[in-house]
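Please brief me on this structure. Keep it short and group the points by topic.

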Amino acid sequence: MSDEGKTQHRPATRTRHALAAASGLLAGYAALAVAELVSAAVRPEAGPVVAVGSAVIDRTPAAVKDWAIRHFGTDDKLVLQLGIVAILAVIALLLGTAALHRRRTGSAGVLLFGLVGAVAATGRPDSEGWTDAVPSLVGGAAGAVLLYVLVGRLLPKPPAPDSPPSGDRPAATAGSAPAAAAGRDAGWDRRGFLVAAGAAAAASTAVGAGGRYLNRASGRGAVASRDAVVLPAPGSTADPIPKAARLRIPGLSPFVTPNEDFYRVDTALVVPKVDAGAWRLRIHGKGVARSRTFTYDDLLHRDLVERDITLTCVSNEVGGPYVGNARWIGVRLADLLADCGVRPPSHGGPADQLIARSVDGMTLGAPVEDVMDGRDALLAVGMNGEPLPFVHGFPVRMVVPGLYGFVSACKWIEDIELTTFDSYDPYWVKRGWARKASVKTGSRIDTPKPFARPEAGTVMVAGVAWAQHRGIERVEVRVDDGPWRTADLAAQDTADTWRQWSLPWRAAPGGHTLTVRATDRTGEVQPEKRTRTVPDGASGWHSVVVTVD
Ligand SMILES: Nc1nc2c(c(=O)[nH]1)N[C@H]1C(S)=C(S)[C@@H](COP(=O)(O)O)O[C@H]1N2
Ligand SMILES: [Mo]
C-alpha cells in the first residue's frame with residue numbers, strides 16, 4: 001500500500017469507526033426503547049434497567065447499601081439507574097466498533113445483553129415467570145437487528161459490474177491496491193446510513209415515549225382505587241396531641257411529619273401500584289389454626305384504631321434523617337392473628353417469627369411475641385388522615401412500635417407467614433443485618449445546623465429524641481466539654497412517639513461543639529460509643545459544630 005493510499009484511507013476510517021460506535025449507541029437506545037414499550041404489555045418491573053438494577057440491589061451487601069444511602073440518600077435509586085445506563089452506553093459503543101469488523105459478533109453482543117436483562121428480570125423474587133424475560137429479549141433482538149443494518153451501510157457497496165469508472169480516476173488503476181483502499185471507504189453508503197440512523201433514532205424515541213406513557217397508565221386502576229377510598233372513622237381514636245407536645249422553634253422538625261416529608265427507604269425501583277380492590281392478605285403457616293385471606297374491605301370493616309407512632313430506619317446514622325412520626329389508622333395485627341388461632345410463644349405458640357411478604361417480593365421478619373404483647377402493632381391503611389401514599393405502602397403496610405422498619409414495617413404487604421427464626425431468614429438478614437432489632441434510643445440536634453454561624457447571645461438549641469415503646473425520660477445537652485444540662489422536654493404524646501426538646505444557650509463568640517444525649521424511661525442513658533448501622537442500628541451521641549459570631 002502506498003503512502004498516498006494510507007493518507008486517503010485514514011480520515012475516512014476514523015469517520016466510519018465513529019459512526020459504527022454511534023450505531024452501537026443507537027442500537028442500545030433502540031433496545032431500551034423497545035423493551036420499555038414491551039414492558040408496558042408485561043409489567044413495568046420487567047424492563048431491563050429496572051430488572052438489572054433490582055438484581056444489583058438484591059446482591060448488595062449491607063455495608064455497600066449503607067454507603068450508598070449515606071452518600072446518595074434517597075437519590076440512591078436514581079444514581080444506580082444512571083450508572084447502569086452509563087455502563088450500557090460504554091458497552092454499546094464498544095459493540096458498535098466491533099461490529100464494523102465482525103458484524104454478527106456485534107449483533108450477538110447486543111442480544112447477549114438482552115439475555116442478561118431477561119435473566120435478571122426472571123430471577124427477581126417477585127418475578128411472575130418467563131413473561132418477565134420478554135421485554136429484554138425483544139429489546140435485545142431489535143437492537144441487534146438495527147446494529148446489523150446500520151453497520152451494513154458503513155461497508156463498501158459491492159461494485160456494480162457495469163458501473164462506469166469514476167471520472168477523476170484512470171480506469172487502469174481501479175484494481176490497484178491504493179485505489180481499492182480508497183474505494184472501500186469511498187464506497188460506503190453515507191446517505192443510506194444517515195437516513196437509516198435518523199429514522200431509527202426518531203422511531204426509538206417515539207417507541208420509548210409510548211412505552212413510558214403506557215407504563216404510567218398501567219397504574220391508573222390502582223390510583224383510581226386509592227382515590228375512591230373513604231377511611232371509616234376509627235373506633236379507637238388517638239388522644240389529641242397535647243399542645244405542649246408541639247414546640248414551635250424555627251429549624252425544629254415538626255412533631256407530626258407531613259407525608260411529603262416522611263423519609264422513604266425501600267428496594268423498589270418501580271413503586272408498586274396495587275389496586276385495593278384486587279388486594280388480598282393471606283395469613284398462614286406454623287400454628288395458624290385457621291388460615292385466612294382478607295380483602296381491603298374486610299380490614300376497613302374491622303375495628304380500626306388510630307395511633308401516633310414514630311418509625312425509624314436501621315440505616316439511620318447518628319444525626320440522620322430516616323426517622324419520622326405519623327398518625328396511623330389501621331387494624332391491630334394481634335387481633336387478626338388471634339382470629340386465625342395464632343398464639344404467641346409465651347402462650348405455647350410454635351412460631352416465634354412472623355414473616356411479612358410484599359407484592360415486590362420483600363420479606364421482613366418480626367418476633368411474634370413483640371407483635372402480640374399488647375403494643376399497637378398495626379396493619380395500617382391510613383397515614384396522617386389519608387389512605388397510605390403509594391410510596392409508603394398503599395393499600396396496606398405493617399407498623400410496629402419499637403421495632404426498626406426492616407424487621408416490621410412491610411409496605412405493600414400481601415402475605416403473613418408464621419414460622420421460626422431457626423428455619424427462615426428474611427431479605428435483610430440474608431444480607432448481614434440482625435434477626436431482631438428493637439429501636440435504639442436516639443436523639444438529634446435539628447437546630448442550629450452543622451457549621452451554622454449564629455450571633456452571640458441566646459441561641460435556641462432544639463431537636464427530637466426517640467425510644468419507641470419505652471419513652472423518653474430526659475434529654476441533656478453539653479457545650480464543648482462543659483457539664484450536661486437538662487433540656488426542656490416537650491410533653492410526651494405517647495411512649496411510641498418521639499419528643500421534641502429545646503435548650504436556650506447563652507452563646508459566646510468562637511467555635512463550639514454541641515452534643516446531645518437522651519435517657520429512656522427504663523433509665524438507660526444513650527451510650528456514647530459510636531457503632532455503625534450494620535447490623536442492628538447506629539449508636540452514639542449526635543454533635544454539631546457551630547461558630548458563634
Ligand atoms: N416492601 C417493602 N417494605 C419495606 C421496605 C422495602 O424495601 N420493601 N423497607 C423497610 C424499611 S428498611 C423501612 S425503614 C421502612 C420505611 O418505610 P417508609 O419508606 O414508609 O418510611 O419500610 C420497610 N418496609
Ligand atoms: Mo430501614
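Asp480 lies in the loop between β13 (472-479) and β14 (485-486); strands (E, at least two residues) and helices (H or I, at least four) are DSSP runs, numbered from the N terminus. Asp480 has a positive phi of about 50° although it is not a glycine. At 29% relative accessibility, Asp480 is partly exposed; buried means under 20% relative accessible area, exposed over 50%, and partly exposed in between (1.4 Å probe, protein chains only).

This is a predicted model, in which local features need pLDDT of at least 70, side-chain atom pairs count only at pLDDT 80 or more, and totals for chains, interfaces and linings use all residues. Residues are numbered from 1 along each chain as its sequence is written, chains are lettered from A and ligands numbered from 1 in the order in which they are written, and side-chain values use heavy atoms, with hydrogens and water left out.

**Backbone exceptions**

- Most residues other than glycine have a negative phi, and most peptide bonds are trans.
- Phe451 is not a glycine, yet has a positive phi of about 65°.
- Phe451 sits in the loop between β11 and β12, and is exposed at 69% relative accessibility.
- Thr447 and Pro448 are joined by a cis peptide bond, with omega about 0°.
- Pro448 is in the loop between β11 (442-447) and β12 (457-466).
- Val534 to Pro535 is a cis peptide bond, with omega near 5°.
- Pro535 is in the loop between β17 (510-520) and β18 (542-548).

**A buried loop residue**

- Ala467 lies in the loop between β12 and β13.
- Ala467 is buried, at 1% relative accessibility.
- Leaving aside residues up to four places away in sequence, Ala467 touches Thr441, Ile472, Ala495 and Asp520 (contact means heavy atoms within 4.5 Å).
- Ala467 and Cys340 are 127 residues apart in sequence and 31 Å apart in space, C-alpha to C-alpha.

**Helices**

- The axes of α4 (residues 76-101) and α5 (residues 103-123) come within 6 Å and cross at roughly 155°.
- Axes are lines fitted to C-alpha atoms, for helices over the stretch in contact, and angles run from 0 to 180 degrees between N-to-C directions.
- α4 and α5 are therefore roughly antiparallel (over 145 degrees; under 35 is roughly parallel, 65 to 115 roughly perpendicular, the rest oblique).
- From α4, the contact uses Leu88, Ile91, Leu95, Ala99 and His101; from α5, Arg103, Gly106, Gly109, Val110 and Phe113.
- In α2 (residues 48-58), nine of the 11 residues are buried.
- The buried residues of α2 include Pro48, Val49, Val50, Ala51 and Gly53.

**Aromatic rings and charges**

- The structure holds 10 aromatic pairs.
- Trp67 and Phe72 form an edge-to-face pair, 5.7 Å centre to centre with 90° between the planes.
- Rings of Phe, Tyr and Trp (its six-membered ring) pair if their centres lie within 6.5 Å; planes under 30 degrees apart are stacked, over 60 edge-to-face and the rest tilted.
- Trp67 is partly exposed at 41% relative accessibility, and Phe72 is partly exposed at 31%.
- Phe262, Tyr263, Tyr322 and Trp328 are linked into a cluster by ring pairs.
- The charged end of Arg103 sits over the ring of Tyr148, 3.8 Å from its centre.
- The charged end of Lys273 sits over the ring of Phe390, 5.4 Å from its centre.
- A charge sits over a ring if NZ of Lys or CZ of Arg is within 6 Å of the ring centre and within 35 degrees of the ring normal.
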